[in-house]
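Here is a short briefing on a predicted model.

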Amino acid sequence: MEWEVDWDDLRIFLGVARGGSLAEAGKGLRLDPATLSRRIARLEAQAGAVLFLKSPRGYALTEAGHRLLPHAEGMEARARAGVAALAGDDSLRGRVRIGAPDGVANHVLPAVLTRIRASNPDLGLDLVALPRVFDLGRREADLAITVSAPKAGRLRVRRLCDYHLSLAAHRDYLAKSAIVKSRADLKDHAIVGYIPDMIFDADLDYLGEVGAVAPGLASNSAAVQLGLIRAGGGIGVVHDFMLAGAPDLIRVLPGDVRLTRAFHLSRHSDAGGPLITRAADLLAEGVRAEVARLEAAATES
């Protein structure tokens with residue numbers, strides 16, 4: 001079915017899709033919920049499809065809504081690019097949501113995103129830091145950083161960079177504990193690690209790889225594990241890019257244990273448009289540079 005597309009209706013559609021409710025969308029669009037409801041109903045009637053599932057919890061995209069979303073985003077991005085071209089300004093405009101595990105979100109992305117926005121003051125960046133896999137198909141994020149490369153779903157995936165992890169402990173813990181000469185000695189030490197049944201990615205199952213016992217202190221968060229180790233809770237696996245900011249930690253078995261993993265950047269295959277494409281390029285470049293910088297600083301410290 002064909003209908004005359006009204007960009008203002010699509011703008012409202014995007015606002016409700018991103019806000020998840022009429023009240024939240026109204027804040028950004030400066031329209032009251034009753035007006036938004038009428039406009040969404042009109043758009044659905046014109047499209048001949050239900051675009052949102054309405055419930056007391058808010059508005060969720062239907063399958064038809066998900067199909068419309070990337071096209072509406074593409075129109076939005078092209079309109080902004082046209083305005084920028086008229087103004088002679090090629091900086092990014094819009095909003096991009098990035099999902100990432102809490103380790104990289106806490107220790108790598110703050111500097112990366114700050115630099116990106118400094119060069120693009122009209123770009124809004126949302127960082128969702130959660131120790132789990134993001135569902136790009138449901139648009140929980142525009143871009144997602146993962147450890148394992150996703151294999152399911154209609155995704156575009158690129159490898160960002162390798163990163164490294166080491167065994168480490170607080171200097172005070174090591175001073176009062178038995179000397180660790182080999183991996184076999186780890187059985188005599190307190191271990192910090194992931195909660196075994198909450199490991200959301202097989203590549204995060206470090207302890208079995210290094211021959212350590214089940215953790216006495218455990219968390220589903222890499223940032224919390226770092227805090228436990230810095231508090232003297234025991235020996236654990238730490239990202240090398242975290243060690244630059246933790247001078248109180250000492251590597252354990254540095255000549256024997258150094259794990260290598262890789263970050264990947266994913267987006268839904270339909271989430272195109274100049275904004276997401278350019279944001280992905282800037283994010284990839286920034287993550288590679290920041291991981292390399294932090295790992296080099298950790299080596300020198």
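**The H2–H3 contact**
- H2 contributes Leu-22, Ala-23, Ala-25, Gly-26 and Leu-29, which meet Pro-33, Leu-36 and Ser-37 in H3.
- Six residues of this contact are nonpolar, two are polar and none is charged.

**Glu-44**
- Helix H3 spans residues 33–47 and includes Glu-44.
- Glu-44 has a relative accessible area of 12%, so Glu-44 is buried; the cut-off is under 20%.
- Its side chain makes a polar contact of 3.0 Å with the side chain of Lys-54.
- The Glu-44 side chain also reaches the backbone nitrogen of Phe-52, at 3.2 Å.
- Beyond four places in sequence, Glu-44 touches Ala-49, Val-50, Leu-51, Phe-52 and Lys-54.

**Nonpolar cores**
- The largest nonpolar core has 61 residues; Val-96, Leu-109, Ile-145, Leu-167, Ile-235, Phe-263 and Leu-283 touch the most other members.
- Helix H11 (residues 273–300) gives the most to this core, ten residues.
- A second, separate core has 19 residues, including Leu-14, Leu-29, Tyr-59 and Leu-68.
- In soluble globular proteins, nonpolar side chains tend to be buried together.
- Setting aside neighbours within four places in sequence, the contacts of Phe-263 include Val-104, Ile-145, Arg-158, Tyr-163, Phe-241 and Val-291.

Notes. Residues are numbered from 1 along each chain as its sequence is written. This is a predicted model: local features need pLDDT of at least 70, side-chain atom pairs count only at pLDDT 80 or more; totals for chains, interfaces and linings use all residues. Side-chain values use heavy atoms; hydrogens and water are left out. Helices (H or I, at least four residues) and strands (E, at least two) are DSSP runs, numbered from the N terminus. Buried means under 20% relative accessible area, exposed over 50%, partly exposed in between (1.4 Å probe, protein chains only). A polar contact is a pair of N or O atoms within 3.5 Å; within protein, one must be able to donate a hydrogen and the other to accept it, and residues adjacent in sequence count only if both atoms are side-chain atoms. Contact means heavy atoms within 4.5 Å. A nonpolar core is a set of buried Ala, Val, Leu, Ile, Met, Phe, Trp, Tyr and Cys residues joined through side-chain atoms within 4.5 Å. Ala, Val, Leu, Ile, Met, Phe, Trp, Tyr, Cys and Pro count as nonpolar, Asp, Glu, Lys and Arg as charged, and the others, Gly among them, as polar.
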